[in-house]
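Let's go through the cavities and the aromatic contacts in this one. Have a look at the model first, then we'll take it question by question.

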Amino acid sequence: MRNILIFIKENLAVGLLLFALFLGAGNIIFPPLLGQQAGEHITIAMIGFLITGVGLPLLAIVAVAKAGGDLQLLSSRVHPVFGIIFTSIVYLAIGPFFAVPRTGSVSYEIGIAPFLSEAAQAHWAPLFITSIVFFAFILYLAFNPSKLVDRVGKILTPALLIVILLLAVKSFITPMGEAGMAVGKYNVSPFSEGFVQGYLTMDVLSALVFGIVILQALSDMGMKDTKKQVKTTIFAGIVAAIGLAFVYISLGYIGNTSIGAIGTSDNGGVIIAKSAEYLFGSFGSIILSLTILLACISTAVGLLTANAQFFNKLFPKISYKTFLIVFTLLSVAITNVGLSTIINTSLPVLLIIYPLAMVLMVLSLADHFFKGGRIVYILALIPTFFVSVYDGLKQMEIKITSYENILKALPLYEQSLGWLVPAMIGALIGFIIHKLFKKN
């Protein structure tokens with residue numbers, strides 16, 4: 001027991017770091033929206049959301065830790081070229097193209113804009129200035145990743161937990177009202193809708209790249225033993241999962257009970273902003289601003305650090321700091337196109353790569369059953385891609401009627417989970433082929 005307590009004490013900061021890296025803009029704005037729209041079906045919808053927002057990211061952390069923290073090495077089990085292309089796309093998607101600019105936009109729209117006049121909010125300058133200051137601070141923190149645990153795990157995360165705890169406790173002690181009625185797909189299939197909404201957090205994709213950040217931090221702390229690094233990373237994943245579950249359930253509850261007090265909205269940021277003001281008055285806006293800013297800072301630091309480390313490894317002639325500066329400048333530019341544009345642009349990409357990432361992750365955890373047989377990965381991922389790529393095209397309002405008629409025959413297609421059964425069948429066929437060729 002004493003050894004367990006010592007292990008927890010020594011590695012808790014790493015777990016808090018991982019939790020802080022996960023908890024970004026999307027993690028705060030999407031659960032309240034789910035809570036409000038799921039209505040009386042909040043429990044089953046939240047279970048679906050927790051699977052993709054907590055359970056699968058935890059499995060992804062385990063998978064990447066066992067692969068040495070290297071997503072490229074893990075995805076190269078399909079093919080080396082696939083490993084480079086897929087890993088680069090994942091890094092850029094959760095890095096300077098979508099997730100990092102989203103942290104800057106959300107920081108402004110929820111953390112800064114409410115304190116400005118309408119005239120100021122309508123002008124481009126406040127967002128531009130905020131993005132410059134925000135990313136200058138991010139760049140400062142990310143320049144020395146060896147201090148990431150001290151700066152994020154021991155400072156930002158406890159502060160972040162305190163402000164979220166204040167909101168959660170107040171909402172439970174003095175509820176804003178009763179749950180409303182379920183709307184949209186939550187009326188028909190709340191579980192699958194909650195499951196798909198978990199994509200928007202990007203947590204599975206983030207988990208696949210945060211492994212290298214954690215392992216690098218552990219190495220900088222003097223932990224060189226590989227087995228101990230894996231053990232500590234898995235423990236950190238458990239800590240992060242517990243923290244995320246608490247945050248999602250709390251924010252979902254706030255959204256679920258908010259309709260009578262603040263009305264309905266299709267923007268999770270608006271829901272949480274109005275709820276904070278209702279619960280704490282003007283002080284609530286300050287609490288929310290701190291929550292958003294701390295969450296976005298920690299996530300942006302982790303994602304930019306991971307991106308710079310990966311591409312520096314891929315192109316060693318270009319320094320880590322050079323990549324960091326380039327990606328930061330790119331993030332500043334994309335931040336200024338606005339939050340709605342960023343989210344709308346990212347959705348088609350997520351619908352394509354998220355199922356591929358989940359299938360790859362699950363197969364990597366079961367890798368020992370088929371001894372790394374490449375055919376298993378290939379035959380599972382090919383049908384997954386052909387289904388998910390059309391989901392992405394549909395999101396861009398590009399429809400191919402004849403192709404869609406074929407896909408509609410797939411189980412769970414209407415719930416955006418049409419890739420699931422083909423992936424399972426492909427993996428099974430690949431497993432059989434692998435076994436047959438192995439015997440011969």
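Q: What is the volume of the largest cavity?
A: Keep in mind that this is a predicted model. A search for cavities of 30 Å³ or more turns up two. The largest cavity comes out at about 90 Å³.

Q: Which residues lie closest to the centre of the largest cavity?
A: The lining of the largest cavity is made up of 14 residues. Helices H2 (25-38), H6 (99-111), H12 (203-220) and H16 (282-314) each give two or more residues to that lining. Closest to the centre are Asn 27, Arg 102, Thr 201, Thr 299 and Leu 303.

Q: How many residues in the lining of the largest cavity are polar?
A: Sort that lining by class and you get five nonpolar residues and two charged ones. The polar class takes seven.

Q: Which elements give two or more residues to the lining of the second largest cavity?
A: This cavity has a volume of about 30 Å³. Its lining consists of Ile 28, Ile 164, Leu 167, Leu 251, Ile 272, Leu 288 and Thr 291. By class that is six nonpolar, one polar and no charged residues. The elements asked for are helix H9 (148-173) and H16.

Q: How many aromatic pairs does a search of the whole structure find, and what kind of pair do Trp 124 and Phe 128 form?
A: The search gives 18 aromatic pairs. For Trp 124 and Phe 128, the ring centres are 5.9 Å apart and the planes are at 65°. Planes over 60 degrees apart count as edge-to-face, so Trp 124 and Phe 128 are edge-to-face.

Q: Is Tyr 377 buried or exposed?
A: Tyr 377 pairs edge-to-face with Phe 370, with ring centres 5.5 Å apart and planes at 70°. Phe 370 has 4% relative accessibility and counts as buried. Tyr 377 has a relative accessible area of 0%, so Tyr 377 is buried.

Q: Which residue has its charged end over the ring of Phe 143?
A: A charge has to be within 6 Å of the ring centre to qualify. Here the distance to the centre of the Phe 143 ring is 5.2 Å. The residue is Lys 321.

Notes:
Residues are numbered from 1 along each chain as its sequence is written. This is a predicted model: local features need pLDDT of at least 70, side-chain atom pairs count only at pLDDT 80 or more; totals for chains, interfaces and linings use all residues. Side-chain values use heavy atoms; hydrogens and water are left out. Rings of Phe, Tyr and Trp (its six-membered ring) pair if their centres lie within 6.5 Å; planes under 30 degrees apart count as stacked, over 60 as edge-to-face and the rest as tilted. Buried means under 20% relative accessible area, exposed over 50%, partly exposed in between (1.4 Å probe, protein chains only). A charge sits over a ring if NZ of Lys or CZ of Arg is within 6 Å of the ring centre and within 35 degrees of the ring normal. On a 1 Å grid over the protein atoms alone, a cavity is a set of points where a 1.4 Å probe fits but cannot get out, and a pocket is an open set with protein on both sides within 12 Å along at least five of seven lines; lining residues have an atom within 4 Å of a point. Grid points are joined across faces, edges and corners, and a volume is the space filled by probe spheres set on the points. Helices (H or I, at least four residues) and strands (E, at least two) are DSSP runs, numbered from the N terminus. Ala, Val, Leu, Ile, Met, Phe, Trp, Tyr, Cys and Pro count as nonpolar, Asp, Glu, Lys and Arg as charged, and the others, Gly among them, as polar.
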